[in-house]
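Please brief me on the fold and local features of the chain shown here.

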Amino acid sequence: WPVDAETKTTRSKSRFNKVVVVRVEPGKLDEATLAKSVEGVIAFSSVCTHQACAVTGWIPEDAMLACPCHGSLFSVGEGGKVLGGPARKRLPILPLAVDADGMLTVADAFTAKVGPAAQT
Ligand code: FES
């Protein structure tokens, strides 16, 4: 769960705030994704963009996150791009930075709306 740096509030009241944090070789991240990471550590929303299951699977050899519900696959190196399964929207990134004390911190809001795309 993210923690508000100023208030120290853990943002755990909504599962839509839950993140999955992974670390990969920085060279495996595209430029846009690298800019939102710290030394290969990157945080994504863990809410699947298909039907909002928790994205809990990790395939390290391909640096992919996997949703166990219907098998959507998301590329870590390409900023959460969908690589397979029924999801149509990439996983939002929670941009990271390092503060003056060397602590990993949230640098900005999620890069897109968390969860499934709105139904039309
Ligand atoms: S909810 Fe994740 S693939 Fe369907």
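Ala63 is found in the loop between β3 and β4; helices (H or I, at least four residues) and strands (E, at least two) are DSSP runs, numbered from the N terminus. The model is predicted, so local features need pLDDT of at least 70 and side-chain atom pairs count only at pLDDT 80 or more, while totals for chains, interfaces and linings use all residues. Residues are numbered from 1 along each chain as its sequence is written, and side-chain values use heavy atoms, with hydrogens and water left out.

**Backbone in the loops**

- Ala63 has a positive phi of about 50° and is not a glycine.
- Most residues other than glycine have a negative phi.
- Ala63 counts as buried because its relative accessibility is 12% (buried means under 20% relative accessible area, exposed over 50%, partly exposed in between, with a 1.4 Å probe and protein chains only).
- Glu39, also not a glycine, has a positive phi of about 50°.
- The place of Glu39 is the loop between α1 (31-34) and β2.
- With a relative accessible area of 61%, Glu39 is exposed.
- Gly71 sits in the loop between β4 and β5 and is partly exposed, at 35% relative accessible area.

**Cysteines**

- The structure holds one disulfide (a pair of cysteine sulfur atoms within 2.5 Å).
- The disulfide is formed by Cys53 and Cys69, whose sulfur atoms are 2.0 Å apart.
- Cys53 is in the loop between β2 (41-45) and β3 (57-59) and Cys69 in the loop between β4 (64-66) and β5 (73-75), so the pair ties together parts that are 16 residues apart in sequence.
- The torsion about the S-S bond of Cys53 and Cys69 is about -95°, so this disulfide is left-handed.
- Cys69 is partly exposed, because its relative accessibility is 37%.
- Cys48 is buried, with a relative accessible area of 2%.
- Cys67 is also buried, at 5% relative accessibility.

**Strands and sheet**

- The chain has one helix and nine strands.
- Along the sequence the pattern is β-α-β-β-β-β-β-β-β-β.
- Three strands form an open sheet in the order β1-β2-β7, with antiparallel pairing (two strands pair if DSSP finds at least two bridges between them).
- β1 and β7 are the edge strands of this sheet, each pairing on one side only.
- Strand β1 (residues 19-23) is joined to β2 by five bridges, and the two run antiparallel.
- Arg23 has Val41 of β2 as its bridge partner.
- On the β7 side, β2 pairs with strand β7 (residues 93-94) over two bridges in the antiparallel sense.
- There, Ile93 in β7 is the bridge partner of Phe44.
- β2 is mostly covered, with five of its five residues buried.
- In a regular strand the side chains alternate between the two faces of the sheet.
- In β2, Val41, Ala43 and Ser45 point one way and Ile42 and Phe44 the other way, and all are buried.

**Largest pocket**

- The largest pocket has a volume of about 340 Å³.
- The search uses a 1 Å grid over the protein atoms alone, where a pocket is an open set of points with protein on both sides within 12 Å along at least five of seven lines, and lining residues have an atom within 4 Å of a point.
- Grid points are joined across faces, edges and corners, and a volume is the space filled by probe spheres set on the points.
- The lining has 14 residues, and Pro2, Val3, Asp4, Ala5 and Val106 lie nearest the centre of the pocket.
- Strand β9 (residues 104-106) gives the most to this lining, with three residues.
- By class, the lining holds eight nonpolar, two polar and four charged residues.
- Ala, Val, Leu, Ile, Met, Phe, Trp, Tyr, Cys and Pro count as nonpolar, Asp, Glu, Lys and Arg as charged, and the others, Gly among them, as polar.

**Whole chain**

- The C-alpha trace spans about 40 × 35 × 25 Å along its principal axes.
- The chain has a radius of gyration of 14 Å, which agrees with the value near 14 Å for a compact globule with 120 residues.
- The radius of gyration is taken over C-alpha atoms, and the globule rule is 2.2 Å times the number of residues to the power 0.38.
- Of the 120 residues of the chain, 38% count as buried.

Technical notes
1 Å grid on protein atoms, 1.4 Å probe; cavity = no way out; pocket = protein on both sides within 12 Å on 5 of 7 lines; lining within 4 Å.
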